[in-house]
Amino acid sequence: MAANYNNSAWFYDPLSRLVYGRELINAQLYLLQHIKPNSSILIVGGGTGWILDELTKLHPSGLRITYVEVAAGMMALSQKRNTGNNLVIYINDAIEHVNLSNDDFDVVITPFLFDNFTEQTLSTVFTHIHKLLKPGCLWLNADFQLTGKWWQQFLLKSMFVFFKVICGIEASKLPAIEVYFTQNGYKTIAEKAFFNDFIIAKVYTM
Ligand SMILES: C[S@@+](CC[C@H](N)C(=O)[O-])C[C@H]1O[C@@H](n2cnc3c(N)ncnc32)[C@H](O)[C@@H]1O
C-alpha cells in the first residue's frame with residue numbers, strides 16, 4: 001500500500017517538533033551547508049516544504065530545484081514557501097513514476113524518505129534516483145538509524161504504528177538504507193548524528 005501523507009499534512013510539522021524538537025530540522029540544515037551556489041537540486045519527499053525556505057535563506061537565487069512530493073496536501077503547503085529568485089519545478093507524483101534526465105542534477109536530497117518503504121520499494125526508488133546521478137554529484141540523505149538503544153526501537157515502532165494507521169505507510173521496520181548506498185558505490189564524505197544518534201545525516205558521493 002502506498003503511503004498517503006495527505007492526512008498528516010496539517011499536523012506533521014508540529015508533531016515532529018513535539019517529539020524531536022528541532023533535530024529533524026538541524027539534521028537537514030547540516031546537509032544543506034554542502035550545497036554550492038547555482039546548483040541544480042532534486043528534492044524528493046520534502047513534506048510541507050520548509051526545506052525550501054531554508055534553502056532560500058542560504059541561496060536566495062541561482063538554484064534550479066526540482067521538487068517531487070507525492071502527497072497533494074504536502075505539495076500545496078510546499079508551493080506557498082519562499083523560494084526567492086530560485087527556479088523551482090514542482091512535481092506532484094511518486095518519484096519512481098517521474099522521468100527526469102540524468103544530466104540535470106548536482107545534488108539530490110532525500111530527507112526522511114526511505115524509512116517509509118519496504119525493502120522492495122526502497123530498492124525501486126533508490127535505483128530510480130541513482131540512475132539520475134553522475135559521478136561527483138552529492139546525495140544528501142537524512143533518516144533514522146538504530147544504534148542499539150532500547151528507546152530508539154520504541155520510538156520507531158510507535159512511529160510506524162501511528163503512520164500506518166493515519167497515512168497507510170507500508171513499512172513496519174527500518175529498511176537497510178546504508179546497504180543501498182554501499183552496494184551502489186557511494187562513499188560518505190561527511191556525516192553527523194542527531195537526537196542521541198537516532199538520526200543520521202550523511203553526504204554521499206560516487
Ligand atoms: C516522513 S515524511 C518527511 C517529510 C520531510 N522530508 C520532513 O523531514 O519534514 C516523507 C515524505 O515523503 C513523501 N513521499 C513518500 N513516498 C514518496 C515517493 N515515492 N515520491 C515522492 N515523495 C514521497 C511523503 O508524502 C512525505 O511528505
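**A first walk through the model**

Guide: A place to start is Trp139, which lies in strand S5, residues 138-144. Keep in mind that this is a predicted model.

Visitor: Is Trp139 buried or exposed?
Guide: Trp139 is buried, because its relative accessible area is 0% and buried means under 20%.

Visitor: What about Gly45?
Guide: There the backbone is involved: a polar backbone atom of Gly45 is 2.8 Å from a nitrogen atom of the ligand. Pro111 also uses its backbone, with an N or O atom 2.9 Å from a nitrogen atom of the ligand.

Visitor: How much of the ligand does the protein bury?
Guide: The protein buries 97% of the 600 Å² that the ligand exposes when taken alone.

Visitor: Which pocket is that?
Guide: The largest pocket is the space taken by the ligand.

Visitor: New topic. Where does Gln152 lie?
Guide: Gln152 is in helix H6, which covers residues 150-167.

Visitor: Buried or exposed?
Guide: Gln152 is buried, because its relative accessible area is 0%, and the cut-off for buried is under 20%.

Visitor: What does the side chain of Gln152 contact?
Guide: A polar atom of the Gln152 side chain lies 2.7 Å from the backbone nitrogen of Thr147.

Visitor: And Asn86, where is that?
Guide: Asn86 lies in strand S3, residues 85-91. Asn86 counts as buried, at 8% relative accessibility. A polar atom of its side chain is 3.2 Å from the backbone nitrogen of Gly62.

Visitor: What about the backbone angles? Which phi value does Asn38 have?
Guide: Asn38 has a positive phi of about 65 degrees, although it is not a glycine. Most residues other than glycine have a negative phi. Asn38 lies in the loop between helix H2 (23-32) and strand S1 (40-44).

Visitor: What is the phi of Asn196, then?
Guide: Asn196 has a phi near 55 degrees, a positive value in a residue other than glycine. Asn196 lies in the loop between strand S6 (187-194) and strand S7 (199-205).

Visitor: Why does Asn196 count as exposed?
Guide: Because its relative accessible area is 56%, and exposed means over 50%.

Visitor: Who else is in that loop between S6 and S7?
Guide: Phe195 is one of the residues there. Phe195 counts as partly exposed, at 23% relative accessibility. Phe195 and Leu24 are 171 residues apart in sequence and 8.5 Å apart in space, C-alpha to C-alpha.

Visitor: And the strands on either side of the loop?
Guide: Take Lys192 in strand S6. Lys192 counts as partly exposed, at 42% relative accessibility. From Lys192 to Arg17 the C-alpha distance is 19 Å, and the two are 175 residues apart in sequence.

Visitor: Which residue would you pick in S7?
Guide: Val203 is found in strand S7. Val203 counts as buried, because its relative accessibility is 1% and the cut-off is under 20%. The C-alpha atoms of Val203 and Lys187 are separated by 8.4 Å, with the two residues 16 apart along the chain.

Notes:
Residues numbered from 1 in each chain as written. Predicted model: local features only at pLDDT ≥ 70, side-chain atom pairs only at ≥ 80, totals over all residues. Heavy atoms only, no water. Polar contact = N/O pair within 3.5 Å; in protein donor to acceptor, adjacent residues only side chain to side chain. Areas by Shrake-Rupley, 256 points an atom, 1.4 Å probe, with all protein chains shown as cover. 1 Å grid on protein atoms, 1.4 Å probe; cavity = no way out; pocket = protein on both sides within 12 Å on 5 of 7 lines; lining within 4 Å. Sits in = over half its atoms within 2 Å of the grid points. Helix = DSSP H or I, 4+ residues; strand = E, 2+ residues; numbered from the N terminus. Buried < 20%, exposed > 50% of the residue type's maximum accessible area, 1.4 Å probe, protein only.
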